[in-house]
Amino acid sequence: MNPTDSITVDAPAASPRSLWRELGDAIRGTGADYTKIPLGRAVFLLAVPMVLELVLESTFAVVDIWFVAKLGASAVATVGLTETFLFLLYAIGIGLAMAVTAVVARRTGEGDREAAALSAAQAIWIAVLASLPFAGVGIVFARELLQLMGADAWTLTHGVGYLQWMLGTNVILMLLFVCNAIFRGAGDAAVAMRVLWVANGVNIVLDPILIFGLGPIPALGVEGAAIATVIGRGTGVAMQLWMLLRGSQHIRVAKAHFALQAEALWHIVRTSLGGIGQMIVAMTAWIFLMRILAAVGSEAVAGATIAIRLMMFTLMPAWGMSNAAATLVGQNLGAGEPGRAETSVWRIGWYNMVFTLAVSVVFFLVPRELMGLFTSEQAVVDIGAEWLRILSYSYFVYGWWMVSVQAFNGAGDTVTPTKINLVFFWLIQIPLAWLLALQLDLQATGVFWAVFVSETSVGLFTLWLFTRGRWKAVKV
């Protein structure tokens, strides 16, 4: 496959009127068969709602940290340290979601909607069961977990409730991941988009009310941000379950599908192990990085936390495009169209590269101004701006990395990215960050350059491995 094939045009340019009609179809959702319609239209119909979905998700992340930053650097550090533990949940939730998307997409591509619905119901059970141990640990040992991460006195006094809320209700987060993965795998990207619009919209409205108080509602501080998140996401999950039972254009889960079926459940667990391992390797690497930054100081943690939120905000559209690639790969492999699956990845990869190059210019030119939107503390601004500037040097690689990883995941090959992450994150990133930051006394700067070296390398290597094509032969 020649990469330049990805930018060939498979249909005449759309008129403005037809473009608006297609945009409306993408937002409303259609019953189109993504393995048969023109590839350009399939990418558009899937990518638009996935991009819009994740743009709002990233908007919430930025708005949330903007409100929390009004409480000071220690409050921001509370969010950052809590997220290091949430990253373990993200690892399980996203890893499971990868498997669910791959299995549901493959069954949908094969035309077996009954098997797709059964897989969806069993995945929901797995999400619920997986969340229980984390909820118990988070509620009982919140203070000890924050102490383990080197939290300061303010966080140990005011941040325990935040951690308890976020970990204690993690089943909501897990279900949000899994149910939206079901919709994406089936091709109902518009449904997943609407769910996150509602969840994050509620969250954004409640954030200032619960953090700072309004009328009879007391100011709850950083704990109020957690409660707002739980209410918003809980609303989204209720919406997801209702729509699954009612039925969307591509999938409907009946109550009978929720009867535990060991074979189907184990198939999803087995398929998800690679994805979970893949994410755990990456997320635990981040925990170690945050621990190193905590040794530098709360300003380093706060600066890194704001910078990573900005990074998430700018990468979410690219993740949306990459999620579209995962659905197209899974469904087209199920339909026996591996060439079409590969072409979709190259096309989306070029789109991602153009977008991330544009973002890198902004990060390079105005990093301090971006940080200044969230905090006036000079030390925090300096640290975060430095990371944004370093990121700009190879940000375009992230676009290719995401789409190539999602191609493996969409095909059901979650093991290969796990092995790659193990080498580049655990064997390169963590030791290099420790050496540069603490041993050579580069402090936060050392961590940022370690991230630059490892993540640029892993992105290029993953793309090269994708070109070898072995993912096409994976059975799900």
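The model is a predicted one, in which local features need pLDDT of at least 70 and side-chain atom pairs count only at pLDDT 80 or more, whereas totals for chains, interfaces and linings use all residues. Residues are numbered from 1 along each chain as its sequence is written, and side-chain values use heavy atoms, with hydrogens and water left out.

At Leu-206, α9 bends by about 35°, and Pro-208 follows within four residues; the bend is the angle between axes fitted to the seven residues ending at a residue and the seven starting there. After α9 comes Gly-213, with a positive phi near 85°.

Arg-252 is located in the loop that joins α10 (222-246) to α11 (262-296). Beyond its neighbours within four places in sequence, Arg-252 is in contact (heavy atoms within 4.5 Å) with Ala-117, Leu-244, Leu-245, Arg-246, Gly-247 and His-257. A polar atom of the Arg-252 side chain lies 3.5 Å from the backbone oxygen of Leu-245.

The 35 residues of α11 reach 48 Å from first to last C-alpha, close to the expected 51 Å, and α11 bends by about 35° at Ser-272. Gly-297, whose phi is positive and near 150°, follows α11. The axes of α11 and α12 (residues 298-334) come within 6 Å and cross at roughly 135°, and the two helices are therefore oblique to each other. This contact involves Met-290, Leu-293, Ala-294 and Val-296 of α11, together with Ala-300, Val-301, Ala-304 and Thr-305 of α12.

How values were computed. Polar contact = N/O pair within 3.5 Å; in protein donor to acceptor, adjacent residues only side chain to side chain. Expected span 1.5 Å × (residues − 1). Axes fitted to C-alpha atoms, helices over the stretch in contact; angles between N-to-C directions. Parallel < 35°, antiparallel > 145°, perpendicular 65-115°, else oblique.
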